Amino acid sequence: MLNPQKVFSKTWTITPNSIKKIISKIPLTRQVCALTMFGGIHYYKYYKKLQKMQEWNPEKINNYQSKQIKKIINYAYENIPYYRNLFKKENIKPSQIRCTDDLKRIPILTKSEILKDPSKFISKKNKAFTTKLTGGSSGTPMSIAYDLKHYASRRATTRFFKNLAGYDDYTIRLGIPSLGPLYKTNQEFYEYNPITNQIFISSTHLSKEIFQKYINIIRKYNPQYAEGHPSVFYKFALYLKEKNITNIQLKSLQSCGEVLYPFQRDAISKTFNCEIFDFYANEEGICYASECKSHNGMHISPIMGFVEIENQKENQPGEIIATGLCNYYMPLIRYNLQDMGIITTEKCECGNSFSRLTSVIGRSNDTIILPDKTQIPPNHFTSAMEKFRFAEGFQIIQEDQKNININIVKKGKINLKETKILKKYMESLTKNQMTISINQVKDINPIGRKNKYKYIISKI
Ligand SMILES: [Zn+2]
């Protein structure tokens with residue numbers, strides 16, 4: 001099997017030498033800073049396009065996406081070995097794919113298919129701009145390579161969604177992103193990016209000392225907006241509450257990188273006295289979505305990808321499948337993002353016709369599977385935990401077909417009466433088919449390259 005890293009490392013050789021030289025000489029945090037400068041005219045065009053498209057009706061948006069689909073399907077057939085073979089094997093002619101509905105003729109693409117031979121997904125004709133590695137918090141990490149236009153569409157969409165949350169790319173803001181390892185390498189705790197006006201703070205090794213540092217940095221820069229993993233802000237909120245610190249306030253906070261649970265939204269918004277905007281994104285860059293002021297689902301960026309839900313039954317979540325519309329270097333057609341959600345095309349109160357993900361409940365492989373094969377979505381367990389507020393942190397692990405371990409973080413001794421009720425409640429949730437064990441632990445560490453905090457882990 002080919003190593004995807006080796007395949008994609010070639011992409012740097014195509015990047016103009018001058019840019020490569022400059023970037024390689026600067027520290028990693030500054031690289032992020034430098035990359036934000038690229039995107040140029042495409043970035044500006046996409047940003048303006050999104051502003052226009054929010055006035056469009058669903059039909060006009062669909063026509064636009066159908067046109068983009070036709071273009072990328074033709075391109076993929078002509079230039080990407082995997083799709084050429086697939087279309088021949090399935091007896092599909094590119095001319096048969098004329099609109100979003102026709103996409104259904106094409107089989108769903110999985111990450112494991114790409115990992116078999118990533119070189120088959122690469123265009124020989126187009127040039128790569130950069131690569132990103134998917135997080136790996138739920139499986140093997142995978143490299144995604146993309147061209148400059150795709151990069152520009154990501155940046156434009158991110159800026160557009162920040163606007164929905166009331167701020168701009170250039171407003172001073174606090175970012176606690178998934179950059180933990182980055183800070184390990186250069187030994188710095190935080191960095192200020194003057195181009196995007198953003199203060200990046202490390203989210204690695206959260207502790208009371210670290211939260212005190214957060215407070216000092218916030219007092220120094222006074223950011224009104226923040227972005228980052230909800231698990232980090234939730235822990236920070238608990239710390240502020242414990243210390244009775246009430247003067248750390250924000251206008252809005254963009255929650256990203258993990259599922260945002262109602263108990264987190266509640267605690268974070270109360271502590272920071274701010275509005276929270278849930279934001280859904282992925283390294284594949286084919287489905288970005290964000291809440292608007294109505295907070296009734298997340299609007300999907302129509303320029304980045306066309307999104308479908310597979311196996312959505314009535315109002316139950318199904319798998320999120322997306323077709324990228326901008327990345328001609330490594331097109332992803334009907335790609336399974338391995339997340340579960342519900343989609344709606346009903347018009348939002350805000351007036352924007354972009355379709356919405358009304359619920360994203362996490363990775364499809366975080367589903368708990370009972371011995372009788374019933375699947376229980378992760379949010380059923382997390383909302384059950386909300387009823388038991390005594391835990392300061394928790395993680396639910398399905399060890400095998402019959403056993404679930406619930407690890408609980410709590411200062412002092414756990415109240416036996418409370419754990420007994422919790423155990424009983426969880427057993428009933430599994431239709432009494434599984435044995436529930438409750439353990440008190442010191443802490444729960446985030447996992448994967450991107451430091452994601454997982455509330456539910458299924459090992460089967
Ligand atoms: Zn809306």
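Which residues in H12 meet which residues in H13? On the H12 side they are Pro230, Phe233, Tyr234, Ala237, Leu240 and Lys241, and on the H13 side Gln264, Ala267, Ile268, Thr271 and Phe272. Here, two residues are in contact if their C-beta atoms, placed from the backbone, lie within 7 Å. Before going further, note that this is a predicted model, in which local features need pLDDT of at least 70, side-chain atom pairs count only at pLDDT 80 or more, and totals for chains, interfaces and linings use all residues. Residues are numbered from 1 along each chain as its sequence is written.

First, the overall picture. The chain holds 15 helices and 20 strands; these are DSSP runs numbered from the N terminus, with helices being H or I of at least four residues and strands E of at least two. Out of 460 residues, 42% count as buried. A residue is buried if 20 or more other C-beta atoms lie within 10 Å of its own, exposed if 12 or fewer, and partly exposed in between, with C-beta atoms placed from the backbone. As for contacts between residues at least 6 apart in sequence, 65% of them join residues at least 24 apart.

Back to the opening pair. Helix H12 spans residues 230–242 and helix H13 residues 262–272, and their axes come within 9 Å, crossing at roughly 50°. That angle makes H12 oblique to H13. Axes are lines fitted to C-alpha atoms, for helices over the stretch in contact, and angles run from 0 to 180 degrees between N-to-C directions. Angles under 35 degrees count as roughly parallel, over 145 as roughly antiparallel, 65 to 115 as roughly perpendicular and the rest as oblique. The crossing of H12 and H13 is left-handed; that is the term if the near helix is turned anticlockwise from the far one by less than a right angle, while clockwise gives right-handed. Sorted by class, the contact of H12 with H13 has eight nonpolar, two polar and one charged residues. Nonpolar covers Ala, Val, Leu, Ile, Met, Phe, Trp, Tyr, Cys and Pro, charged covers Asp, Glu, Lys and Arg, and polar covers the others, Gly among them.

H13 has its own story. Its buried residues are Gln264, Ala267, Ile268, Thr271 and Phe272. Seen down the axis of H13, they fall within an arc of 105°, so they line one face of the helix; the arc is that of the directions from the helix axis to the C-beta atoms. An α-helix has 3.6 residues a turn, so residues three or four places apart point the same way. Pro262 and Lys270, on the other side of H13, are exposed. The buried residues of H13 pack against H12, strand S7 (252–255) and strand S8 (275–280).

The contact of H5 with H9 divides into eight nonpolar, three polar and three charged residues. Among the residues that meet here are Tyr43, Tyr46 and Leu50 in H5, and Ala152, Ala156 and Thr157 in H9.

Thr157, in helix H9, is buried, with 25 other C-beta atoms within 10 Å. Not counting residues up to four places away in sequence, Thr157 touches Leu50, Tyr288, Ser301, Ile303 and Met304. Thr157 and Ile303 are 146 residues apart along the chain, yet their C-alpha atoms are separated by 8.1 Å.

Now for helix H14 (residues 378–386), where Pro378, Asn379, Phe381, Thr382 and Met385 are buried. Viewed down the axis of H14, these residues fall within an arc of 160°, so they line one face of the helix. Their packing partners include strand S14 (356–363), strand S17 (393–398) and helix H15 (416–429).

Two more residues round out the tour. Ile376 sits in strand S16 (residues 375–376) and counts as partly exposed, with 17 C-beta neighbours inside 10 Å. Leaving aside neighbours within four places in sequence, Ile376 is in contact with Thr367, Ile368, Leu370 and Leu429. Arg219, in helix H11 (residues 208–221), is exposed, with 10 other C-beta atoms within 10 Å.
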